[in-house]
Amino acid sequence: MRLFEEQMNALILDEDTAEVRRLVKKTDWEKSGIIRTFTAYSIEKAEEVLKTEEIAVFICGLTLNKKETLTMLSRIREKMPYLGIIVLGTITEPDVFRSMLKLRISDCLEKPVNDKELEQDIKRMIDRADLRQKDEEERRYGKYWKKNYILIQEVFWKNLCLGRIPGGPEEIEAAAAHVNAPLDKDRRYRMILITLKNEGEMEQAWGDNLCQVAVQNLARAISKKSGRSSKAIVIYTRVVLIADEDEFEMEEEKCMKLAQACEKELGAKILCYLSDDIFCEEFGNTYSRLLEYSKDDILQQKVVTWVKEKKEPGNEKIIIPEQWGDLLYSRQVEQLVTQVRFFLVALTKSGVLNEKKFRIFQQDMLQLFFTQMEKKEMRAHELYDNPEIYRLYKLAIYSIDSMCIWVEKCGMYITGQMGEGPSGQKLVGQIKDYIRGNLRNEITMEELSQITHLNPDYMTRVFKRETGISIKKYVIKKKMELAKQLLQTTEASVSEIALEVGYDNFSYFIKLFQKHYGITPKRFRKKNGKVENLPFS
(Lines give C-alpha, C1' and ligand atoms only; values in the text may rest on other atoms or scores of the structure.)
Protein backbone atom coordinates (compact mmCIF):
# COMPACT_ATOMS: atom_id res chain seq x y z
CA MET A 1 0.00 0.00 0.00
CA ARG A 2 1.60 3.28 -1.12
CA LEU A 3 1.55 6.46 0.90
CA PHE A 4 0.05 8.41 -2.01
CA GLU A 5 -2.06 5.59 -3.38
CA GLU A 6 -5.22 7.72 -3.48
CA GLN A 7 -3.64 11.16 -4.11
CA MET A 8 -0.98 10.80 -6.82
CA ASN A 9 -1.13 14.43 -8.03
CA ALA A 10 1.67 16.86 -8.95
CA LEU A 11 1.83 20.67 -8.80
CA ILE A 12 4.19 22.73 -11.02
CA LEU A 13 5.01 26.31 -9.95
CA ASP A 14 7.05 28.55 -12.26
CA GLU A 15 6.66 32.03 -13.77
CA ASP A 16 7.99 30.64 -17.06
CA THR A 17 4.61 29.62 -18.56
CA ALA A 18 6.15 28.13 -21.69
CA GLU A 19 8.37 25.80 -19.67
CA VAL A 20 5.48 24.74 -17.44
CA ARG A 21 3.29 23.92 -20.43
CA ARG A 22 6.13 22.03 -22.10
CA LEU A 23 6.63 19.90 -18.98
CA VAL A 24 2.91 19.16 -18.73
CA LYS A 25 2.79 18.07 -22.36
CA LYS A 26 6.11 16.25 -22.74
CA THR A 27 6.51 14.43 -19.42
CA ASP A 28 5.17 10.87 -19.16
CA TRP A 29 3.34 11.52 -15.90
CA GLU A 30 1.52 8.18 -15.85
CA LYS A 31 4.81 6.30 -16.14
CA SER A 32 6.13 8.36 -13.23
CA GLY A 33 3.11 7.39 -11.14
CA ILE A 34 1.25 10.70 -11.33
CA ILE A 35 -2.50 10.71 -12.04
CA ARG A 36 -3.17 14.46 -12.40
CA THR A 37 -1.07 17.64 -12.74
CA PHE A 38 -1.88 21.16 -11.50
CA THR A 39 -0.09 24.33 -12.58
CA ALA A 40 0.54 27.71 -10.92
CA TYR A 41 2.44 30.82 -12.04
CA SER A 42 2.47 32.59 -8.66
CA ILE A 43 3.19 31.66 -5.04
CA GLU A 44 -0.35 32.65 -4.01
CA LYS A 45 -1.93 30.35 -6.56
CA ALA A 46 0.39 27.47 -5.62
CA GLU A 47 -0.50 27.75 -1.91
CA GLU A 48 -4.18 27.84 -2.81
CA VAL A 49 -3.84 24.58 -4.78
CA LEU A 50 -1.92 22.95 -1.91
CA LYS A 51 -4.78 23.80 0.45
CA THR A 52 -7.55 22.38 -1.75
CA GLU A 53 -5.89 19.43 -3.51
CA GLU A 54 -4.00 16.34 -2.37
CA ILE A 55 -0.51 16.87 -3.82
CA ALA A 56 2.22 14.21 -3.73
CA VAL A 57 4.98 16.00 -5.68
CA PHE A 58 5.64 19.77 -5.78
CA ILE A 59 7.86 20.96 -8.69
CA CYS A 60 9.02 24.52 -8.01
CA GLY A 61 11.03 26.83 -10.31
CA LEU A 62 13.62 29.24 -8.87
CA THR A 63 13.11 31.91 -11.53
CA LEU A 64 10.72 33.55 -9.06
CA ASN A 65 12.08 35.73 -6.21
CA LYS A 66 14.35 33.17 -4.51
CA LYS A 67 13.91 34.60 -1.02
CA GLU A 68 10.11 34.54 -1.29
CA THR A 69 10.24 31.08 -2.82
CA LEU A 70 12.36 29.69 0.04
CA THR A 71 10.06 31.33 2.60
CA MET A 72 7.08 29.66 0.89
CA LEU A 73 8.86 26.28 0.84
CA SER A 74 9.61 26.66 4.55
CA ARG A 75 5.89 27.22 5.29
CA ILE A 76 4.92 24.24 3.15
CA ARG A 77 7.53 21.93 4.69
CA GLU A 78 6.31 22.80 8.19
CA LYS A 79 2.73 21.85 7.29
CA MET A 80 3.57 18.94 4.92
CA PRO A 81 6.75 17.25 6.21
CA TYR A 82 6.54 14.36 3.74
CA LEU A 83 5.70 16.32 0.57
CA GLY A 84 8.10 15.54 -2.27
CA ILE A 85 9.74 18.74 -3.56
CA ILE A 86 11.79 19.13 -6.75
CA VAL A 87 13.48 22.47 -7.49
CA LEU A 88 14.07 23.63 -11.08
CA GLY A 89 16.92 26.05 -11.72
CA THR A 90 20.65 26.69 -11.17
CA ILE A 91 21.80 27.24 -7.58
CA THR A 92 25.00 29.23 -7.15
CA GLU A 93 24.41 31.02 -3.84
CA PRO A 94 25.73 29.09 -0.78
CA ASP A 95 22.98 30.44 1.49
CA VAL A 96 20.27 29.19 -0.92
CA PHE A 97 21.94 25.79 -1.05
CA ARG A 98 22.10 25.60 2.78
CA SER A 99 18.44 26.63 3.06
CA MET A 100 17.42 23.84 0.69
CA LEU A 101 19.35 21.26 2.72
CA LYS A 102 17.62 22.44 5.91
CA LEU A 103 14.26 22.00 4.14
CA ARG A 104 15.31 18.47 3.10
CA ILE A 105 15.20 19.34 -0.61
CA SER A 106 17.88 17.35 -2.40
CA ASP A 107 16.22 17.02 -5.82
CA CYS A 108 17.33 19.86 -8.09
CA LEU A 109 17.26 19.93 -11.92
CA GLU A 110 18.80 22.58 -14.17
CA LYS A 111 16.78 24.30 -16.88
CA PRO A 112 15.88 23.46 -19.56
CA VAL A 113 14.63 20.38 -17.75
CA ASN A 114 15.39 16.99 -19.24
CA ASP A 115 12.04 15.13 -19.32
CA LYS A 116 13.60 11.73 -18.60
CA GLU A 117 15.53 13.07 -15.61
CA LEU A 118 12.31 14.60 -14.22
CA GLU A 119 10.44 11.31 -14.63
CA GLN A 120 13.25 9.42 -12.83
CA ASP A 121 13.33 12.02 -10.05
CA ILE A 122 9.57 11.72 -9.46
CA LYS A 123 9.78 7.93 -9.40
CA ARG A 124 12.67 7.99 -6.89
CA MET A 125 10.72 10.42 -4.73
CA ILE A 126 7.66 8.15 -4.66
CA ASP A 127 9.81 5.09 -3.92
CA ARG A 128 11.40 6.95 -0.99
CA ALA A 129 7.93 7.84 0.27
CA ASP A 130 6.99 4.14 0.14
CA LEU A 131 10.03 3.17 2.21
CA ARG A 132 9.31 5.98 4.66
CA GLN A 133 5.75 4.76 5.11
CA LYS A 134 6.85 1.16 5.63
CA ASP A 135 9.29 2.30 8.32
CA GLU A 136 6.55 4.35 9.94
CA GLU A 137 4.12 1.42 9.88
CA GLU A 138 6.69 -0.92 11.42
CA ARG A 139 7.51 1.63 14.09
CA ARG A 140 3.85 2.17 14.99
CA TYR A 141 2.48 -1.34 14.55
CA GLY A 142 5.44 -3.68 14.23
CA LYS A 143 5.67 -6.63 11.86
CA TYR A 144 2.14 -7.72 12.74
CA TRP A 145 0.76 -4.62 10.97
CA LYS A 146 2.73 -5.24 7.79
CA LYS A 147 1.31 -8.74 7.49
CA ASN A 148 -2.24 -8.04 8.65
CA TYR A 149 -3.07 -4.40 7.93
CA ILE A 150 -5.94 -5.36 5.56
CA LEU A 151 -7.53 -7.52 8.25
CA ILE A 152 -7.02 -4.77 10.87
CA GLN A 153 -8.73 -2.23 8.61
CA GLU A 154 -11.60 -4.64 7.91
CA VAL A 155 -12.16 -4.98 11.66
CA PHE A 156 -12.36 -1.17 11.86
CA TRP A 157 -15.02 -0.98 9.11
CA LYS A 158 -16.94 -3.87 10.67
CA ASN A 159 -16.95 -2.19 14.11
CA LEU A 160 -18.04 1.09 12.52
CA CYS A 161 -21.02 -0.62 10.83
CA LEU A 162 -21.96 -2.37 14.07
CA GLY A 163 -21.88 0.90 16.02
CA ARG A 164 -18.94 -0.16 18.17
CA ILE A 165 -16.84 3.02 17.64
CA PRO A 166 -18.15 5.71 20.02
CA GLY A 167 -18.11 9.44 19.41
CA GLY A 168 -18.81 11.82 16.57
CA PRO A 169 -17.12 12.44 13.21
CA GLU A 170 -13.79 13.60 14.66
CA GLU A 171 -13.46 10.62 17.02
CA ILE A 172 -14.32 8.21 14.17
CA GLU A 173 -11.76 9.85 11.86
CA ALA A 174 -9.12 9.55 14.60
CA ALA A 175 -9.93 5.85 15.06
CA ALA A 176 -9.59 5.37 11.29
CA ALA A 177 -6.24 7.16 11.24
CA HIS A 178 -4.99 4.89 14.02
CA VAL A 179 -5.29 1.89 11.67
CA ASN A 180 -4.52 3.90 8.50
CA ALA A 181 -8.04 3.28 7.15
CA PRO A 182 -9.03 5.69 4.32
CA LEU A 183 -11.90 7.60 5.97
CA ASP A 184 -12.69 11.30 5.70
CA LYS A 185 -15.21 12.62 8.21
CA ASP A 186 -16.55 15.16 5.71
CA ARG A 187 -16.98 12.84 2.74
CA ARG A 188 -20.24 11.14 1.86
CA TYR A 189 -20.53 7.36 1.60
CA ARG A 190 -23.09 4.81 0.46
CA MET A 191 -23.59 1.39 1.98
CA ILE A 192 -24.63 -1.70 0.03
CA LEU A 193 -25.79 -4.72 2.04
CA ILE A 194 -25.44 -7.99 0.13
CA THR A 195 -27.37 -11.09 1.22
CA LEU A 196 -27.56 -14.61 -0.18
CA LYS A 197 -30.99 -15.55 -1.48
CA ASN A 198 -30.04 -19.26 -1.51
CA GLU A 199 -28.07 -19.18 1.74
CA GLY A 200 -29.00 -22.72 2.75
CA GLU A 201 -27.78 -24.18 -0.52
CA MET A 202 -24.54 -22.18 -0.34
CA GLU A 203 -23.91 -23.21 3.26
CA GLN A 204 -24.17 -26.87 2.27
CA ALA A 205 -21.92 -26.40 -0.75
CA TRP A 206 -19.31 -24.10 0.81
CA GLY A 207 -19.55 -24.41 4.58
CA ASP A 208 -20.09 -21.64 7.13
CA ASN A 209 -19.53 -18.12 5.67
CA LEU A 210 -17.00 -19.29 3.03
CA CYS A 211 -19.31 -18.29 0.21
CA GLN A 212 -19.62 -14.81 1.75
CA VAL A 213 -15.83 -14.44 1.53
CA ALA A 214 -15.96 -15.42 -2.15
CA VAL A 215 -18.72 -12.83 -2.74
CA GLN A 216 -16.56 -10.28 -0.89
CA ASN A 217 -13.64 -10.90 -3.27
CA LEU A 218 -15.87 -10.61 -6.35
CA ALA A 219 -17.37 -7.37 -4.96
CA ARG A 220 -13.89 -5.92 -4.54
CA ALA A 221 -12.91 -6.81 -8.09
CA ILE A 222 -16.09 -5.50 -9.72
CA SER A 223 -16.20 -2.23 -7.74
CA LYS A 224 -12.51 -1.50 -8.41
CA LYS A 225 -11.88 2.03 -9.68
CA SER A 226 -8.77 4.12 -10.33
CA GLY A 227 -6.36 1.53 -9.00
CA ARG A 228 -8.25 0.92 -5.78
CA SER A 229 -11.44 -0.74 -4.66
CA SER A 230 -14.37 -0.04 -2.38
CA LYS A 231 -14.33 -1.31 1.15
CA ALA A 232 -15.90 -4.79 1.12
CA ILE A 233 -16.28 -6.59 4.45
CA VAL A 234 -18.04 -9.68 5.77
CA ILE A 235 -20.34 -9.17 8.77
CA TYR A 236 -21.60 -12.54 9.96
CA THR A 237 -23.67 -13.94 7.03
CA ARG A 238 -23.76 -10.69 5.04
CA VAL A 239 -21.32 -8.75 2.88
CA VAL A 240 -21.19 -4.96 3.14
CA LEU A 241 -19.77 -2.80 0.35
CA ILE A 242 -18.90 0.80 1.25
CA ALA A 243 -18.46 3.26 -1.62
CA ASP A 244 -17.29 6.86 -1.20
CA GLU A 245 -18.64 9.77 -3.23
CA ASP A 246 -16.13 9.27 -6.06
CA GLU A 247 -17.73 5.87 -6.72
CA PHE A 248 -21.43 6.82 -6.69
CA GLU A 249 -21.78 6.36 -10.44
CA MET A 250 -23.45 3.21 -11.77
CA GLU A 251 -24.06 1.47 -8.43
CA GLU A 252 -27.08 -0.40 -9.79
CA GLU A 253 -25.14 -1.55 -12.87
CA LYS A 254 -22.28 -2.73 -10.68
CA CYS A 255 -24.70 -4.60 -8.41
CA MET A 256 -26.30 -6.32 -11.40
CA LYS A 257 -22.85 -7.21 -12.75
CA LEU A 258 -21.88 -8.58 -9.34
CA ALA A 259 -25.10 -10.64 -9.16
CA GLN A 260 -24.39 -12.18 -12.57
CA ALA A 261 -20.79 -12.96 -11.60
CA CYS A 262 -21.83 -14.53 -8.28
CA GLU A 263 -24.36 -16.83 -9.95
CA LYS A 264 -22.00 -17.78 -12.77
CA GLU A 265 -18.82 -18.26 -10.69
CA LEU A 266 -20.23 -19.37 -7.33
CA GLY A 267 -23.80 -20.52 -7.92
CA ALA A 268 -24.82 -17.83 -5.40
CA LYS A 269 -27.97 -15.74 -5.87
CA ILE A 270 -27.45 -12.38 -4.18
CA LEU A 271 -29.71 -9.46 -3.26
CA CYS A 272 -28.32 -5.91 -2.91
CA TYR A 273 -29.83 -3.26 -0.62
CA LEU A 274 -28.52 0.29 -1.26
CA SER A 275 -28.58 3.19 1.21
CA ASP A 276 -28.88 6.93 0.60
CA ASP A 277 -25.82 9.18 1.02
CA ILE A 278 -24.48 9.03 4.58
CA PHE A 279 -21.59 10.38 6.67
CA CYS A 280 -19.32 8.25 8.85
CA GLU A 281 -21.31 8.84 12.06
CA GLU A 282 -24.41 7.34 10.38
CA PHE A 283 -22.87 3.94 9.54
CA GLY A 284 -24.29 2.08 12.57
CA ASN A 285 -27.89 3.19 12.10
CA THR A 286 -27.69 2.67 8.34
CA TYR A 287 -26.42 -0.90 8.67
CA SER A 288 -29.20 -1.71 11.17
CA ARG A 289 -31.81 -0.23 8.82
CA LEU A 290 -30.54 -2.15 5.78
CA LEU A 291 -30.34 -5.36 7.80
CA GLU A 292 -33.90 -4.99 9.09
CA TYR A 293 -35.17 -4.19 5.60
CA SER A 294 -33.44 -7.25 4.11
CA LYS A 295 -35.01 -9.49 6.75
CA ASP A 296 -38.46 -8.07 6.03
CA ASP A 297 -37.98 -8.52 2.26
CA ILE A 298 -39.61 -11.93 2.26
CA LEU A 299 -40.65 -11.90 -1.40
CA GLN A 300 -37.02 -11.28 -2.50
CA GLN A 301 -38.08 -10.34 -6.04
CA LYS A 302 -35.60 -7.52 -6.83
CA VAL A 303 -31.83 -7.99 -7.14
CA VAL A 304 -31.21 -4.29 -6.37
CA THR A 305 -33.34 -2.32 -3.89
CA TRP A 306 -32.88 1.31 -2.83
CA VAL A 307 -33.83 1.41 0.86
CA LYS A 308 -35.77 4.51 1.78
CA GLU A 309 -37.67 5.23 4.98
CA LYS A 310 -39.63 2.05 5.61
CA LYS A 311 -43.36 2.05 6.28
CA GLU A 312 -44.02 0.12 9.44
CA PRO A 313 -46.53 -2.75 9.14
CA GLY A 314 -49.73 -2.45 11.10
CA ASN A 315 -50.69 -4.49 14.13
CA GLU A 316 -52.84 -6.93 12.17
CA LYS A 317 -52.68 -10.42 13.63
CA ILE A 318 -51.96 -13.27 11.25
CA ILE A 319 -54.40 -16.16 11.66
CA ILE A 320 -53.69 -19.50 9.98
CA PRO A 321 -56.77 -20.88 8.11
CA GLU A 322 -58.47 -23.79 9.89
CA GLN A 323 -58.71 -25.86 6.70
CA TRP A 324 -54.91 -26.25 6.64
CA GLY A 325 -55.23 -28.79 9.43
CA ASP A 326 -57.76 -30.70 7.37
CA LEU A 327 -55.44 -30.72 4.35
CA LEU A 328 -52.63 -32.11 6.47
CA TYR A 329 -54.88 -34.72 8.06
CA SER A 330 -56.07 -35.86 4.61
CA ARG A 331 -52.45 -36.04 3.37
CA GLN A 332 -52.90 -33.29 0.78
CA VAL A 333 -49.42 -31.85 1.37
CA GLU A 334 -48.97 -30.39 -2.10
CA GLN A 335 -52.22 -28.44 -1.84
CA LEU A 336 -51.22 -27.26 1.65
CA VAL A 337 -47.91 -25.88 0.34
CA THR A 338 -49.71 -24.10 -2.53
CA GLN A 339 -52.10 -22.40 -0.10
CA VAL A 340 -49.27 -21.44 2.27
CA ARG A 341 -47.37 -19.78 -0.57
CA PHE A 342 -50.46 -17.88 -1.80
CA PHE A 343 -51.26 -16.79 1.78
CA LEU A 344 -47.74 -15.45 2.47
CA VAL A 345 -47.36 -13.68 -0.89
CA ALA A 346 -50.68 -11.88 -0.36
CA LEU A 347 -49.64 -10.76 3.15
CA THR A 348 -46.29 -9.48 1.87
CA LYS A 349 -47.80 -7.51 -1.01
CA SER A 350 -50.27 -5.86 1.36
CA GLY A 351 -47.40 -4.77 3.65
CA VAL A 352 -48.60 -6.82 6.63
CA LEU A 353 -45.71 -9.30 6.82
CA ASN A 354 -42.30 -8.47 8.31
CA GLU A 355 -39.54 -10.58 9.84
CA LYS A 356 -41.11 -10.65 13.32
CA LYS A 357 -44.51 -11.74 12.02
CA PHE A 358 -42.83 -14.25 9.70
CA ARG A 359 -41.21 -15.90 12.73
CA ILE A 360 -44.56 -15.92 14.54
CA PHE A 361 -46.12 -17.56 11.46
CA GLN A 362 -43.52 -20.32 11.62
CA GLN A 363 -44.31 -20.96 15.29
CA ASP A 364 -48.02 -21.11 14.47
CA MET A 365 -47.27 -23.67 11.75
CA LEU A 366 -45.29 -25.69 14.28
CA GLN A 367 -48.31 -25.67 16.56
CA LEU A 368 -50.44 -26.91 13.64
CA PHE A 369 -47.94 -29.72 12.99
CA PHE A 370 -47.80 -30.70 16.67
CA THR A 371 -51.61 -30.86 16.81
CA GLN A 372 -51.70 -33.28 13.86
CA MET A 373 -48.82 -35.33 15.30
CA GLU A 374 -50.69 -35.69 18.58
CA LYS A 375 -53.67 -37.13 16.69
CA LYS A 376 -51.31 -39.69 15.14
CA GLU A 377 -49.70 -40.41 18.56
CA MET A 378 -46.37 -38.99 17.31
CA ARG A 379 -44.01 -37.16 19.66
CA ALA A 380 -43.40 -33.47 18.90
CA HIS A 381 -39.61 -33.72 19.24
CA GLU A 382 -39.47 -36.06 16.22
CA LEU A 383 -39.49 -33.02 13.92
CA TYR A 384 -36.37 -31.69 15.63
CA ASP A 385 -34.70 -35.10 15.69
CA ASN A 386 -34.81 -35.28 11.89
CA PRO A 387 -31.57 -33.48 10.77
CA GLU A 388 -32.91 -32.42 7.36
CA ILE A 389 -36.11 -30.97 8.82
CA TYR A 390 -34.17 -29.19 11.56
CA ARG A 391 -31.82 -27.66 8.96
CA LEU A 392 -34.77 -26.46 6.88
CA TYR A 393 -36.43 -25.09 10.04
CA LYS A 394 -33.48 -22.73 10.59
CA LEU A 395 -33.51 -21.59 6.95
CA ALA A 396 -37.30 -21.17 6.66
CA ILE A 397 -37.43 -17.55 7.86
CA TYR A 398 -35.16 -16.29 5.05
CA SER A 399 -37.80 -16.34 2.32
CA ILE A 400 -41.24 -17.61 1.31
CA ASP A 401 -39.59 -20.29 -0.83
CA SER A 402 -37.58 -21.55 2.15
CA MET A 403 -40.70 -21.56 4.35
CA CYS A 404 -42.64 -23.60 1.78
CA ILE A 405 -39.83 -26.15 1.48
CA TRP A 406 -39.86 -26.59 5.27
CA VAL A 407 -43.68 -26.89 5.35
CA GLU A 408 -43.56 -29.49 2.57
CA LYS A 409 -40.89 -31.56 4.33
CA CYS A 410 -42.74 -31.46 7.67
CA GLY A 411 -46.02 -32.35 5.95
CA MET A 412 -44.43 -35.30 4.14
CA TYR A 413 -42.92 -36.54 7.40
CA ILE A 414 -46.11 -36.23 9.45
CA THR A 415 -48.25 -37.94 6.80
CA GLY A 416 -45.71 -40.73 6.36
CA GLN A 417 -44.93 -39.87 2.75
CA MET A 418 -41.21 -39.14 3.10
CA GLY A 419 -40.31 -42.80 2.65
CA GLU A 420 -42.70 -43.14 -0.30
CA GLY A 421 -40.87 -40.58 -2.42
CA PRO A 422 -38.27 -41.70 -4.96
CA SER A 423 -34.82 -42.59 -3.65
CA GLY A 424 -31.81 -40.63 -4.83
CA GLN A 425 -30.87 -43.20 -7.48
CA LYS A 426 -34.46 -43.63 -8.61
CA LEU A 427 -34.87 -39.85 -8.91
CA VAL A 428 -31.64 -39.53 -10.93
CA GLY A 429 -32.78 -42.34 -13.25
CA GLN A 430 -36.13 -40.62 -13.74
CA ILE A 431 -34.46 -37.31 -14.64
CA LYS A 432 -31.91 -38.94 -16.95
CA ASP A 433 -34.61 -40.85 -18.81
CA TYR A 434 -36.57 -37.67 -19.41
CA ILE A 435 -33.48 -35.76 -20.58
CA ARG A 436 -32.39 -38.52 -22.97
CA GLY A 437 -35.88 -38.65 -24.45
CA ASN A 438 -36.13 -34.89 -24.99
CA LEU A 439 -32.67 -33.86 -26.22
CA ARG A 440 -34.20 -32.29 -29.32
CA ASN A 441 -36.19 -29.85 -27.15
CA GLU A 442 -35.31 -27.15 -24.65
CA ILE A 443 -35.36 -28.77 -21.20
CA THR A 444 -36.32 -26.52 -18.29
CA MET A 445 -36.14 -27.02 -14.54
CA GLU A 446 -39.89 -26.42 -14.38
CA GLU A 447 -40.52 -29.44 -16.63
CA LEU A 448 -38.24 -31.67 -14.53
CA SER A 449 -39.88 -30.40 -11.35
CA GLN A 450 -43.31 -31.35 -12.72
CA ILE A 451 -42.32 -34.89 -13.67
CA THR A 452 -40.56 -35.54 -10.33
CA HIS A 453 -43.13 -33.66 -8.20
CA LEU A 454 -40.26 -32.13 -6.26
CA ASN A 455 -39.08 -28.62 -5.48
CA PRO A 456 -36.46 -27.54 -8.11
CA ASP A 457 -33.80 -26.70 -5.51
CA TYR A 458 -34.21 -30.01 -3.69
CA MET A 459 -34.25 -31.95 -6.98
CA THR A 460 -31.05 -30.20 -8.11
CA ARG A 461 -29.25 -30.93 -4.85
CA VAL A 462 -30.14 -34.65 -4.96
CA PHE A 463 -29.03 -34.99 -8.61
CA LYS A 464 -25.71 -33.23 -7.91
CA ARG A 465 -25.12 -35.33 -4.79
CA GLU A 466 -25.77 -38.60 -6.60
CA THR A 467 -23.96 -37.83 -9.89
CA GLY A 468 -21.35 -35.19 -9.04
CA ILE A 469 -22.64 -33.01 -11.90
CA SER A 470 -25.42 -30.42 -12.11
CA ILE A 471 -28.56 -31.09 -14.15
CA LYS A 472 -27.71 -28.21 -16.49
CA LYS A 473 -24.25 -29.61 -17.25
CA TYR A 474 -25.68 -33.10 -17.72
CA VAL A 475 -28.20 -31.78 -20.29
CA ILE A 476 -25.41 -30.01 -22.22
CA LYS A 477 -23.21 -33.12 -22.03
CA LYS A 478 -25.92 -35.33 -23.53
CA LYS A 479 -26.83 -32.79 -26.20
CA MET A 480 -23.17 -32.53 -27.24
CA GLU A 481 -22.86 -36.32 -27.34
CA LEU A 482 -25.89 -36.48 -29.63
CA ALA A 483 -24.45 -33.70 -31.82
CA LYS A 484 -21.16 -35.60 -32.04
CA GLN A 485 -22.96 -38.76 -33.10
CA LEU A 486 -24.97 -36.89 -35.75
CA LEU A 487 -21.82 -35.31 -37.14
CA GLN A 488 -20.25 -38.77 -37.51
CA THR A 489 -23.25 -40.73 -38.73
CA THR A 490 -25.26 -38.28 -40.89
CA GLU A 491 -24.67 -35.78 -43.66
CA ALA A 492 -26.85 -33.10 -42.04
CA SER A 493 -25.37 -29.58 -41.96
CA VAL A 494 -23.99 -28.15 -38.71
CA SER A 495 -26.91 -25.72 -38.47
CA GLU A 496 -29.40 -28.58 -38.93
CA ILE A 497 -27.67 -30.57 -36.22
CA ALA A 498 -27.78 -27.53 -33.91
CA LEU A 499 -31.56 -27.41 -34.34
CA GLU A 500 -31.77 -31.18 -33.92
CA VAL A 501 -30.25 -30.96 -30.43
CA GLY A 502 -32.42 -28.04 -29.39
CA TYR A 503 -30.29 -24.95 -30.15
CA ASP A 504 -31.74 -22.32 -32.48
CA ASN A 505 -28.78 -20.05 -31.67
CA PHE A 506 -26.19 -21.38 -34.10
CA SER A 507 -23.23 -19.44 -32.62
CA TYR A 508 -24.05 -20.58 -29.10
CA PHE A 509 -24.16 -24.22 -30.23
CA ILE A 510 -20.70 -23.92 -31.84
CA LYS A 511 -19.34 -22.30 -28.66
CA LEU A 512 -20.72 -25.11 -26.47
CA PHE A 513 -19.41 -27.85 -28.78
CA GLN A 514 -15.93 -26.30 -28.91
CA LYS A 515 -15.88 -25.89 -25.15
CA HIS A 516 -16.92 -29.52 -24.69
CA TYR A 517 -14.62 -31.17 -27.25
CA GLY A 518 -11.94 -28.52 -27.86
CA ILE A 519 -12.76 -28.28 -31.57
CA THR A 520 -15.49 -26.69 -33.72
CA PRO A 521 -18.21 -28.99 -35.23
CA LYS A 522 -16.97 -28.28 -38.76
CA ARG A 523 -13.37 -29.22 -37.96
CA PHE A 524 -14.53 -32.24 -35.98
CA ARG A 525 -16.42 -33.56 -39.01
CA LYS A 526 -13.46 -32.85 -41.29
CA LYS A 527 -11.10 -34.64 -38.88
CA ASN A 528 -13.53 -37.55 -38.45
CA GLY A 529 -14.71 -37.75 -42.03
CA LYS A 530 -15.44 -41.45 -41.91
CA VAL A 531 -19.09 -42.06 -40.98
CA GLU A 532 -19.35 -44.45 -38.08
CA ASN A 533 -22.32 -45.98 -36.32
CA LEU A 534 -21.62 -45.21 -32.69
CA PRO A 535 -23.81 -46.29 -29.76
CA PHE A 536 -25.49 -43.42 -27.91
CA SER A 537 -26.71 -43.56 -24.33
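## Backbone features in loops

In this predicted model, Y236 has a relative accessible area of 47% and is therefore partly exposed, since that class covers values between the 20% limit for buried and the 50% limit for exposed. Y236 sits in the loop that joins β7 (231–235) to β8 (238–244), and although Y236 is not a glycine, its phi is positive, at about 60°. A positive phi, near 60°, is also found at N180, again a residue other than glycine. N180 belongs to the loop between α7 (169–178) and β6 (189–196) and, with a relative accessible area of 29%, is partly exposed.

The peptide bond leading from K111 to P112 is cis, its omega being near -5°, and P112 itself lies in the loop between β5 (107–109) and α6 (115–161). These backbone features deserve mention because most residues other than glycine have a negative phi, and most peptide bonds are trans.

## Overall composition

The protein has 537 residues, of which 44% are buried, and its secondary structure comprises 24 helices and 10 strands. When contacts between residues at least 6 apart in sequence are considered, 69% of them join residues that are at least 24 apart.

## Packing of α9 and α10

Two packed helices are described by the angle between their axes and the distance between the axes. For helix α9 (residues 210–222) and helix α10 (residues 251–266), the angle is about 135° and the axes are 10 Å apart. The two helices are therefore oblique to each other, because an angle has to be over 145 degrees to count as roughly antiparallel. The crossing of α9 and α10 is right-handed.

On the side of α9, the contact is made by A214, V215, L218, A219 and I222, while α10 contributes K254, K257, L258, A261, C262, E265 and L266. Sorted by class, the contact of α9 with α10 contains nine nonpolar and three charged residues, with no polar residue among them.

The structure holds 17 aromatic pairs. In one of these pairs, the ring centres of Y393 and W406 are 5.9 Å apart and the ring planes stand at 55°, so the pair is classed as tilted. The pair links distant parts of the chain, with Y393 in helix α16 (residues 387–395) and W406 in helix α17 (residues 400–414), 13 residues apart. Both Y393 and W406 are buried.

Y393 is also among the contacts of Y384, which, leaving aside its neighbours within four places in sequence, touches L366, F370, Y390 and Y393. Y384 is placed in helix α15 (residues 382–385), and its relative accessibility of 35% means that Y384 counts as partly exposed.

## The surroundings of N9

N9 is located in strand β1 (residues 9–13) and, because its relative accessibility is 12%, counts as buried. Apart from neighbours within four places in sequence, the residues in contact with N9 are I34, I35, R36 and F38, together with E54, I55, A56 and V57.

Terms used. Residues are numbered from 1 along each chain as its sequence is written. This is a predicted model: local features need pLDDT of at least 70, side-chain atom pairs count only at pLDDT 80 or more; totals for chains, interfaces and linings use all residues. Side-chain values use heavy atoms; hydrogens and water are left out. Axes are lines fitted to C-alpha atoms, for helices over the stretch in contact, and angles run from 0 to 180 degrees between N-to-C directions. Helices (H or I, at least four residues) and strands (E, at least two) are DSSP runs, numbered from the N terminus. Angles under 35 degrees count as roughly parallel, over 145 as roughly antiparallel, 65 to 115 as roughly perpendicular and the rest as oblique. A crossing is left-handed if the near helix is turned anticlockwise from the far one by less than a right angle, and right-handed if clockwise. Contact means heavy atoms within 4.5 Å. Ala, Val, Leu, Ile, Met, Phe, Trp, Tyr, Cys and Pro count as nonpolar, Asp, Glu, Lys and Arg as charged, and the others, Gly among them, as polar. Rings of Phe, Tyr and Trp (its six-membered ring) pair if their centres lie within 6.5 Å; planes under 30 degrees apart count as stacked, over 60 as edge-to-face and the rest as tilted. Buried means under 20% relative accessible area, exposed over 50%, partly exposed in between (1.4 Å probe, protein chains only).
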